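The model is shown below.

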Amino acid sequence: MAPPGPIHSAPGLPDTCALLQPPAAAAAASMSGPAAETPSAIQICRIMRPDDANVAGNVHGGTILKMIEEAGAIISTRHCNSQNGERCVAALARVERTDFLSPMCIGEVAHVSAGITYTSKHSVEVQVNVMSENILTGTKKLTNKATLWYVPLSLKNVDKVLEVPPVVRLHCGQRGAQQLLHGLSWKRWYSRQEQEEEGRKRYEAQKLERMETKWRNGDIVQPVLNPEPNTVSYSQSSLIHLVGPSDCTLHGFVHGGVTMKLMDEVAGIVAARHCKTNIVTASVDAINFHDKIRKGCVITISGRMTFTSNKSMEIEVLVDADPVVDNSQKRYRAASAFFTYVSLSQEGKPLPVPQLVPETEDEKKRFEEGKGRYLQMKAKRQGQVEPQP
C-alpha cells in the first residue's frame with residue numbers, strides 16, 4: 001500500500017527513490033539538461049584481489065576507504081553538474097567516523113552504494129554503505145557505513161567554490177521502489193522538513209569540528225634514536241610519497257581516497273610494530289582535509305600511537321605537503337585523523353594489546369585525550385544496544 005505523500009530518504013539511507021522517476025520528474029529533468037537525469041544513488045562493484053589485502057587475507061581498510069571515496073566523488077560530482085552552468089569537480093572535505101563492522105577477504109566482491117542525503121549551499125553530504133559478497137555461497141554482509149562531505153570546485157578556477165543544486169525529492173509509490181527499499185517500515189522515513197533540519201544540524205556540527213581541528217595538530221612527528229618497546233617513539237612511522245598524475249583529479253589535486261589509503265597504510269605499520277601480530281582497521285574517526293594537495297608535491301604521512309585499551313589501539317595520522325617545485329609556498333598540514341586498530345590471532349580472534357607507555361608530557365596529554373574519545377565512543381555503543389523502554 002502506497003504512503004499518503006512523498007517519501008524522502010532518512011539521514012543515513014541512500015536515496016533509492018530517485019532511481020525511479022515518474023513522468024513529471026523525467027520531464028522536469030529534460031528541461032534542465034541531460035546531466036539532470038543522473039540518479040541520486042549509485043552502486044559500484046569490485047572483486048578483492050591479493051594485492052588488496054594483508055598477509056592474513058584481510059582486505060586493507062585503506063582499500064575500502066578508497067572505494068568509498070570513489071563512489072562519493074562520482075555521485076557528488078554528477079549532482080553538482082546536474083544543472084546547466086559552470087562545470088566542476090567535487091572535492092572531499094571531510095569523512096565522518098567510519099566503523100569497520102566486518103572484515104572483507106580476498107575473493108569476495110565489494111558492493112559500494114552511495115546516495116546523497118543532504119545539500120547545503122556549498123557542500124554535499126553523501127552516505128556510503130559497503131556490502132561484501134561471497135560469490136561461492138551468495139552470503140552478503142554489511143562491512144562499512146560512511147558519511148562524506150564534498151565541495152564543488154570550478155574547473156576554470158580551483159579556488160572557486162560553486163553553489164550546489166538542491167536535491168529534488170521524488171514520489172516513489174511504485175512497487176518496484178518498495179522492493180528497492182528492502183521492506184523498510186514507512187515509520188522510519190523522515191518528512192522533508194525534519195530531514196532538512198537534521199541535515200542542517202549535521203552540516204553545522206561537522207563545519208565547527210573541521211575548523212577546530214584545522215590547527216590542532218600543528219606539531220610534527222620527530223624520530224627518536226633507540227626507543228624502548230611499547231613507547232610512542234618505538235612504533236611511530238612515516239611514509240614519503242611523490243604525488244603523480246595517477247593520484248590526481250582533473251584539477252591536478254590528489255584524490256581524497258588516495259590520501260586515506262596512504263594514511264591507513266601508515267596507521268597499520270604503527271599498529272603492527274606495536275603489537276607484532278596481525279592487525280585490522282576497526283574504525284576511523286573523522287578525517288579532516290584541511291587543504292588541497294597539488295600534483296608534484298611531496299607528502300609525508302606520519303603516524304604515532306596515542307592510546308591503547310585492553311584490545312584496541314588509537315593511532316593519530318598527520319599528512320604534511322611540501323610543494324617542492326613552488327618556492328612561494330611552505331610546507332603545510334593537509335589532513336589529519338585518528339585510526340583505531342585491533343590485534344587478531346591466527347584464528348581471527350581479538351588479542352590483548354600491549355599497553356602504551358607515554359613518556360613526555362605531550363604524550364601523556366594525548367593519551368588522556370585518546371582515553372576520553374575511547375570512553376565516549378564506548379558509552380555511545382552501549383547506549384545503542386540497550387533495549388528501549
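## Pairing of strand S2

Leu92 stands opposite Tyr150 in S6. The model is predicted, and in it strand S2 spans residues 88-95. Seven bridges join S2 to strand S6, which covers residues 140-154. The two strands S2 and S6 run antiparallel.

S2 also pairs with strand S9 (residues 287-289), again in antiparallel fashion, through two bridges. Within S9, Ile287 is the bridge partner of Val95. Strand S2 is mostly covered, with seven of its eight residues buried.

## Phe100 in strand S3

Strand S3 runs over residues 98-100 and includes Phe100. Is Phe100 buried or exposed? Its relative accessible area is 14%; buried means under 20%, so Phe100 counts as buried.

Beyond its neighbours within four places in sequence, Phe100 is in contact with Gly61, Ile64 and Leu65, with Thr143 and Asn144, and with Thr281, Ala282, Ser283 and Val284. Phe100 and Val130 are 30 residues apart along the chain, and their C-alpha atoms are separated by 9.7 Å.

## A nonpolar surface patch

Which residues form a nonpolar patch on the surface? They are Ile47, Ile135 and Leu136, which together have about 330 Å² of accessible area.

Ile47 belongs to strand S1, residues 41-47. The relative accessibility of Ile47 is 40%. Partly exposed residues lie between the buried limit of 20% and the exposed limit of 50%, so Ile47 counts as partly exposed.

Definitions and conventions. Residues numbered from 1 in each chain as written. Predicted model: local features only at pLDDT ≥ 70, side-chain atom pairs only at ≥ 80, totals over all residues. Heavy atoms only, no water. Patch = residues over 30% accessible without salt bridge, like charges linked within 9 Å, V, L, I, M, F, W, Y side chains within 5 Å. Areas by Shrake-Rupley, 256 points an atom, 1.4 Å probe, with all protein chains shown as cover. Salt bridge = Lys/Arg side-chain N within 4 Å of Asp/Glu carboxyl O. Helix = DSSP H or I, 4+ residues; strand = E, 2+ residues; numbered from the N terminus. Buried < 20%, exposed > 50% of the residue type's maximum accessible area, 1.4 Å probe, protein only. Pairing = 2+ DSSP bridges. Contact = heavy atoms within 4.5 Å.
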